[in-house]
Amino acid sequence: MKNCRYYRQDWLAYLLGELDSNRQKMMAEHLARCQRCQKELNEIKDVIGRTEDWRSELGKTMADIDWDRLQVAITDNVFRQKESQSAAGTAAPLKHRHWQPALAGLVAGLLLGMFFSYLLLRPERWPESTSRGNSKVNLPAGFVQRVDLALAQRETLDYLERSQYLLLELLQAKSPDEVSALLTQDRIQKLLTEKKYLNNQLEEVKLAKAKMLCDQIEMLFLELIQLSPEMSETELSSLREIIENRQLLLKINLVKKELQTSEV
Amino acid sequence: MELENADRGQSNPEFLVAKIKNGDKEAFMRLVGLYQQKIFVLTYSMVHEREDALDLVQETFLRLYEKINTYRSGENFNAWLMKIARNICLDFIRRQKARKKESLDQLSPERLDLADTDQDPAHFNPGELISRAVARLPAKQQAVFILHHYQELKYEEIAKELKISTGTVKSLHYKAVRKLRKLLARQLGGEA
């Protein structure tokens with residue numbers, strides 16, 4: 001019959017009474033008129049019939065076993081093994097043979113690492129060390145000096161350049177009003193403040209020429225801020241003369257070149 | 001009443017497990033008593049050698065003790081324990097397979113019905129024959145077969161035990177019986 005497949009998987013459940021009553025009834029009706037399914041059911045019955053043999057064989061095997069003794073033996077074995085494991089574990093966890101090479105390697109690695117770290121980082125390697133301020137960091141003295149020098153050079157160059165621009169603008173000013181406008185700006189004030197900060201740096205490092213020039217520029221700026229904003233033509237020309245006579249722009253160029261060529 | 005409760009506790013796996021977690025040997029022995037035969041049926045059905053099956057029962061309880069802290073209260077203890085036993089048996093069969101270099105699964109049904117290749121099936125009684133055939137069933141089919149025919153559980157109970165649907169239990173049981181029919185074809189007569 002075409003729809004046997006629909007019943008096939010349920011014949012076992014049918015035989016064991018595991019189906020609901022409707023399905024059981026439907027299966028019985030189909031069985032009554034299907035020879036193929038009757039054959040299938042008989043085959044299943046054959047196997048199920050043999051399960052009794054299986055059960056009795058299993059029963060015989062089990063009857064030979066002393067279960068009470070087994071129960072005690074299993075318990076004793078499990079607890080004995082557990083105790084010996086925990087004793088071995090607490091006594092010497094690292095005594096286990098397969099740990100030994102790894103442990104030896106680890107110890108050797110640590111010792112070598114410590115030795116090389118000492119060689120590389122020991123303070124005697126640095127010819128002179130210095131600590132700045134309250135800092136506890138020791139640095140090689142040469143390195144600190146080089147950094148200081150480079151910073152001082154940069155700051156001086158910057159100061160000289162900005163002074164140079166201001167002086168040029170003063171020289172090129174066409175009228176006293178323009179000069180007055182330049183003087184009223186806070187550019188001179190800023191340069192004077194910067195110079196104060198620069199003094200420390202120039203004193204710490206050996207930049208004598210630059211220091212001298214910066215001092216001259218500072219002097220000039222101090223004079224300039226004392227000038228009256230309402231400047232006459234004569235005052236303007238005398239200001240130009242001062243700048244030219246002192247050859248400030250030339251000196252600035254020379255010192256700048258020197259600083260640039262000796263840059264660290 | 002208290003005695004009754006204490007008695008009930010002695011056969012309650014949850015109660016016993018809690019005690020075993022605290023290292024109670026008596027509780028462990030009680031648990032062994034409750035489950036050793038069930039486990040033996042499974043191990044014997046899977047390996048079909050009495051001594052091997054007994055060793056596997058012991059190994060199962062040792063593993064149970066090691067893993068006792070991974071058991072969560074409320075879990076189906078029977079299913080949890082049977083899973084341990086089944087895994088131990090499968091490991092054992094794999095080791096045997098590697099030793100013999102001959103997979104039981106790869107044997108043809110014609111050879112399977114003879115069980116051990118060096119023994120004549122005529123020497124086996126019907127019980128031994130079917131027992132050897134059950135040992136050849138795939139793990140899940142075997143579990144369903146044992147639970148139904150030995151422990152006499154209903155499909156719904158097996159489904160709960162194995163955490164599968166009733167439909168799957170029905171299908172696995174049918175497949176197990178068909179396979180047994182094939183394995184026992186010569187003894188039962190008719191087509192395989």
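How many residues does helix α6 of chain A have, and how far does the helix reach from its first C-alpha to its last? Helix α6(A), residues 100-121, has 22 residues and reaches 31 Å, close to the 32 Å expected at 1.5 Å a residue, where the expected span is 1.5 Å times one less than the number of residues. Helices here are DSSP runs of H or I with at least four residues, numbered from the N terminus. This is a predicted model, in which local features need pLDDT of at least 70 and side-chain atom pairs count only at pLDDT 80 or more, while totals for chains, interfaces and linings use all residues. Residues are numbered from 1 along each chain as its sequence is written, and chains are lettered from A in the order in which they are written.

Helix α6(A) is hardly covered, since the count of buried residues in it is zero; a residue is buried if 20 or more other C-beta atoms, placed from the backbone, lie within 10 Å of its own.

Turning to where the chains meet, 35 residues of chain B are in contact with 29 residues of chain A, contact being C-beta atoms, placed from the backbone, within 7 Å. The largest share of chain B's side, ten residues, comes from α3(B). That side divides into 19 nonpolar, ten polar and six charged residues, with Ala, Val, Leu, Ile, Met, Phe, Trp, Tyr, Cys and Pro as nonpolar, Asp, Glu, Lys and Arg as charged, and the others, Gly among them, as polar.

Within chain B, helices α9 (155-162) and α10 (166-183) pack at about 105° with their axes 8 Å apart, so α9(B) is roughly perpendicular to α10(B), a term for angles of 65 to 115 degrees.

Notes. Axes are lines fitted to C-alpha atoms, for helices over the stretch in contact, and angles run from 0 to 180 degrees between N-to-C directions. Helices (H or I, at least four residues) and strands (E, at least two) are DSSP runs, numbered from the N terminus. Angles under 35 degrees count as roughly parallel, over 145 as roughly antiparallel, 65 to 115 as roughly perpendicular and the rest as oblique. Two residues are in contact if their C-beta atoms, placed from the backbone, lie within 7 Å. A residue is buried if 20 or more other C-beta atoms lie within 10 Å of its own, exposed if 12 or fewer, and partly exposed in between; C-beta atoms are placed from the backbone.
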